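This report describes a protein model for a reader who works with coordinates. It takes up the fold, the surface, the core and the loops in turn.

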Amino acid sequence: MSPQRPANDTQEERVTAWPVRVVLAISAFILRIERLLIIVLMALLLALILLNVVTRYSGSSIYWVDESAVFSVVWLAFIGGSAMTRLRLDFAMSMLTDKLSHTWARRAKVAAGLFVVGFAVALAAMCVLWLDPIGIVQAGFDPKKFAAASFNFIYTERTQTLNWPTWVLYLIVPIFSVTLFCHALANVLEDLRLATVMRFPSFKLGNSQGIN
């Protein structure tokens, strides 16, 4: 999936500063990966649901299917939410901005984008405190030693039926904070008119000139 730009924006594209181009390129690369992951997770979720129905109907239920479906939905929600942010298909309250002038409406849009950037930074900081990567390194990657020193049991917990380490599944939260930051920053740069607004034709749901 390659983002496209309008043909009449060639001159504006030339004067775009290289840091802005880097941010947009990173955001576009992340969006391509997210699109593939969304397709895979949706197919996986459908397969798990069908498997659950068939096995329950036949009287031989597989106990780990329900938990697998739940975690698939969680990952799909976070990845899809990140992609929707870049596509500008997230929810927007326009009751106020509809009554503002074009200039002030654009400023309000930039302010909303900066709020999302700030939220992503705050979420990333929370994930650092939560997962405490420095602490687990200092404990020699020993979950029990880390838990005894910090009373943080995230690395000792395991899922009920899959028996997977829960921290592996929780990684979607810090991943989401990073991808959300990149997408929100790219949106803000476009709203500030520092770059041409990108279109993403591979997403059939819409493009970066979406509902908000």
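## Basis and fold

Helices and strands are taken here as DSSP runs, with helices (H or I) needing at least four residues and strands (E) at least two, and they are numbered from the N terminus. The model is a predicted one, in which local features need pLDDT of at least 70 and side-chain atom pairs count only at pLDDT 80 or more, while totals for chains, interfaces and linings use all residues. Residues are numbered from 1 along each chain as its sequence is written, and side-chain values use heavy atoms, with hydrogens and water left out.

On these terms the protein chain contains eight helices and zero strands, so that, by the DSSP runs defined above, its pattern along the sequence reads α-α-α-α-α-α-α-α. Of the 212 residues in the protein chain, 34% are buried, where buried means under 20% relative accessible area, exposed means over 50%, and partly exposed lies in between (1.4 Å probe, protein chains only).

Helix α2 covers residues 18–57 and includes I26, a residue that is partly exposed at a relative accessible area of 41%. Together with W18 and V22, I26 forms a nonpolar surface patch with about 320 Å² of accessible area. Patches are made of residues with over 30% relative accessible area and no salt bridge, with like charges joined within 9 Å and nonpolar side chains (Val, Leu, Ile, Met, Phe, Trp, Tyr) within 5 Å. A salt bridge, in turn, is a side-chain nitrogen of Lys or Arg within 4 Å of a carboxyl oxygen of Asp or Glu, and accessible areas come from the Shrake-Rupley method with a 1.4 Å probe, only the protein chains shown counting as cover for residues.

An α-helix has 3.6 residues a turn, so residues three or four places apart point the same way.

## Nonpolar cores

A nonpolar core is a set of buried Ala, Val, Leu, Ile, Met, Phe, Trp, Tyr and Cys residues joined through side-chain atoms within 4.5 Å. The largest such core has 28 residues, and L24, L31, L87 and F200 are those with the most contacts inside it. Helices α2, α3 (65–86), α4 (102–131) and α8 (172–191) each supply at least two residues of this core, with α2 giving the most, eight residues. Another core lies apart from it and has six residues, among them L131, I136, A139 and I154.

## Cysteines

The structure holds zero disulfides, a disulfide being a pair of cysteine sulfur atoms within 2.5 Å. C127 is buried, with a relative accessible area of 3%, and C182 also counts as buried, at 14% relative accessibility.

F141 sits in the loop between α5 (133–138) and α6, where its phi is near 60°, a positive value in a residue other than glycine; at 61% relative accessibility, F141 counts as exposed. D142 caps the N-terminal end of helix α6 (residues 143–150), with a side-chain oxygen 3.1 Å from the backbone nitrogen of K144.

Just after α6, F151 takes a positive phi of about 60° although F151 is not a glycine. F151 belongs to the loop between α6 and α7 and counts as exposed at 65% relative accessibility. In helix α7 (residues 166–170) lies V168, which is partly exposed at 35% relative accessibility. V168 and R158 are 10 residues apart in sequence, and their C-alpha atoms are 9.6 Å apart in space.

Definitions and conventions: Polar contact = N/O pair within 3.5 Å; in protein donor to acceptor, adjacent residues only side chain to side chain.
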